[in-house]
Amino acid sequence: MVTGAGAGPRAGRVRGERARGPSAALDMALRRRPSLVLLLLVVRGCLIGAVNLKSSNRNPVVQEFESVELSCIITDSQTNDPRIEWKKIQDEQTTYVFFDNKIQGDLTDRAELLGKTSLKIWNVTRTDSALYRCEVVARNDRKEIDEIVIELTVQVKPVAPVCRVPRAVPVGKAATLSCQEGEGFPRPHYSWYRNDVPLPTDSRANPRFRNSSFVLNPETGTLVFSAVHKEDSGQYYCIASNDAGSARCEEQDMEVYDLNIGGIIGGVLVVLTVLALITGGICCAYRRGYFISHNRNGESYKNPGKPDGVNYIRTDEEGDFRHKSSFVI
């Protein structure tokens, strides 16, 4: 602890500096270091003489058919009338959105410039999802050009998915149910329901479905049964959902039935019996000659016409005809 007369003046100076606050300390530091003053003046001059942009939201997300504002704000500029341009970057192609003081391209009737630099789009569609670049050229500023890139994401609600459910499956056989939807963005996730009860991704993880053996893939929408049981019969439907909404398909019935082994064997025996009877009938008909041709040598014989006065006689030795002429004088 410091006591005595020597400590009094020093303590008074410390209390005085604290009383004047940080501004007084800064002034004292600037007086002691003139080079710091010069540096601050140069930095301040550069900031004032440069155009600078900012955005209140660089990653706007909006649902399809709504409106959105792409924020682009000039924070510093000495130019009263800077040149403003908006460009759209999609699939590695760059096109104009706002150029020469007017809206360009497919946004001609759906967009306008807000204030001096921001862009508003109405009735956005999935094709509007892209990168948008705001460019400002200020000729009177030391740094004449600045730009800012905004990524717009348009979410699309799923439509009714296409579901495929087998109508009848025998007990113990495998079965696959599929659910697909191709319109939603981002890509939807899938969930399956049986009799209005949601199914887990794995039947083994839920005691309620211990008598089932299935696996659900929420990314692809497939529901695979390794071996169906009678309890798996019911009405099935699928729901596709994303951040924009959800949609479902119509309910479809799947019946799980027992195999009738006795009936199958009986049916096979009946078919074999019928085939045996048909075969026997064909053989019997063949033996009785119903399938043998009565034509000699496969050719039909026809008596040729004979002129008057000529008699044709056939002999066994000749195997052909010879004629005997008789003349009437």
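A salt bridge here is a side-chain nitrogen of Lys or Arg within 4 Å of a carboxyl oxygen of Asp or Glu. By that rule, this predicted model has 12 salt bridges.

**View 1. Glu 64 and Arg 126 pair up across loops.** The closest N and O atoms of this salt bridge are 3.4 Å apart. Glu 64 sits in the loop between strands E2 and E3, Arg 126 in the loop between E9 and E10, 62 residues apart. Glu 64 is buried at 15% relative accessibility, while Arg 126 is partly exposed at 35%.

**View 2. A three-stranded open sheet, ordered E3-E9-E8.** Pairing is antiparallel. E3 (68-70) and E8 (111-114) are the edge strands with a single partner each, so one side of each has no neighbour in the sheet. On average, neighbouring strands are turned by 25° against each other, direction ignored.

**View 3. Lys 87 meets Glu 135 in a salt bridge.** The N to O distance is 3.5 Å. Lys 87 belongs to strand E5 and Glu 135 to strand E10, so the pair ties together parts 48 residues apart in sequence. Lys 87 is buried at 14%, and Glu 135 is buried at 13%. Both belong to a salt-bridge network that also takes in Arg 133 and Glu 147.

View 4. Leu 275, from helix H4 (residues 261-287), is partly exposed at 49% relative accessible area.

How values were computed:
Residues numbered from 1 in each chain as written. Predicted model: local features only at pLDDT ≥ 70, side-chain atom pairs only at ≥ 80, totals over all residues. Heavy atoms only, no water. Pairing = 2+ DSSP bridges. Helix = DSSP H or I, 4+ residues; strand = E, 2+ residues; numbered from the N terminus. Axes fitted to C-alpha atoms, helices over the stretch in contact; angles between N-to-C directions. Buried < 20%, exposed > 50% of the residue type's maximum accessible area, 1.4 Å probe, protein only.
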